[in-house]
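Thank you for making time this morning. I would like to take you through some helix packing, and I will go slowly.

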Amino acid sequence: MLLPCKVENVDLLIMLTSAVCHDLDHAGYNNAYQINARTELALRYNDISPLENHHCAVAFEILQKKESNIFRNLSSDQYKRIREGIIKCILATDMTRHNEILNKFKSILHGFDFSNKEHKDLLMMVLIKVSDISNEARPMEVAEPWLDCLLQEFFNQSDVEKLEGLPVSPFMDRDKVTKPSSQIGFIRFVLLPLFVELANLFPCLEHHIIDPVRKALDYYTEMEKALDKEKQNWAQNQEAPEARQNLDQKPQNQKPSDPRRTPRTDVSGI
Ligand SMILES: [Zn+2]
């Protein structure tokens with residue numbers, strides 16, 4: 001395997017532990033909600049990545065228990081390094097930091113040096129980010145049910161935001177997105193730009209993560225076309241003969257605008 005040859009075992013341990021723990025005790029409401037609703041987590045972490053800070057703190061609470069301390073035989077120097085690495089990786093999963101991390105990674109990609117700590121730290125952050133949003137790289141029969149769950153979580157949040165009079169995240173609004181529209185925007189603008197950069201460093205990943213994601217993009221593009229067609233047919237059937245007669249007099253803007261045009265620009269972890 002390519003990656004284990006390039007990074008040390010301790011880095012693999014950091015990344016695997018981070019991956020397992022990165023969403024611990026997630027309440028199903030993202031950081032924007034936490035901050036706008038002034039939740040206990042937002043208060044505790046001063047609006048700075050409240051969820052990721054919480055996931056990480058819960059992870060170390062568990063790791064400190066005698067029965068679950070998988071690091072108990074390590075020296076304090078080793079533990080310090082692992083703790084620093086896990087904190088870095090879990091905090092990197094805050095999607096509001098997506099562009100910051102991706103741009104830094106892009107800037108070091110040419111001349112990437114596996115023995116440079118800054119370079120390796122960034123690579124580890126990118127790897128956990130790729131894993132975090134990699135649902136669409138899995139077979140469709142696995143990915144789609146998870147996407148349905150995620151959309152349910154999003155719609156639930158936007159419903160609560162509407163009820164509580166809080167700002168509504170557009171990509172979570174059931175009146176503004178559909179399954180295909182949300183995935184098309186997400187894959188195009190968030191997922192692929194990140195995956196492509198990682199594949200630049202590890203070309204063998206192209207086949208594992210880029211190809212299936214492009215297939216998923218085609219799948220949701222077809223789904224959107226089918227939905228549009230269905231919508232058109234439905235609209236035509238709704239037009240009563242007398243309404244058709246009056247059609248010329250109707251102002252153009254009476255037709256509702258297509259809510260599926262809003263691309264998703266941000267996403268919480270799956
Ligand atoms: Zn996640």
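This is a predicted model: local features need pLDDT of at least 70, side-chain atom pairs count only at pLDDT 80 or more; totals for chains, interfaces and linings use all residues.

Residues are numbered from 1 along each chain as its sequence is written.

Let me begin with H5, residues 50-64, which has 15 residues and reaches 21 Å from its first C-alpha to its last, close to the 21 Å expected at 1.5 Å a residue; that expected span is 1.5 Å times one less than the number of residues. Helices here are DSSP runs of H or I of at least four residues, numbered from the N terminus.

Which helices do the buried residues of H5 pack against? They pack against H2 (9-21), H3 (31-36), H4 (40-44) and H6 (76-91), where buried means 20 or more other C-beta atoms within 10 Å of a residue's own, with C-beta atoms placed from the backbone.

Turning to H5 and H6, their axes, which are lines fitted to C-alpha atoms over the stretch in contact, lie 9 Å apart at an angle of about 145 degrees, on a scale from 0 to 180 degrees between N-to-C directions. In this pair, Glu 52, His 55, Cys 56 and Ala 59 of H5 meet Ile 86, Ile 87, Ile 90 and Leu 91 of H6, contact being C-beta atoms, placed from the backbone, within 7 Å.

Finally, the axes of H2 and H6 come within 9 Å and cross at roughly 45 degrees.

Technical notes:
Helices (H or I, at least four residues) and strands (E, at least two) are DSSP runs, numbered from the N terminus. Two residues are in contact if their C-beta atoms, placed from the backbone, lie within 7 Å.
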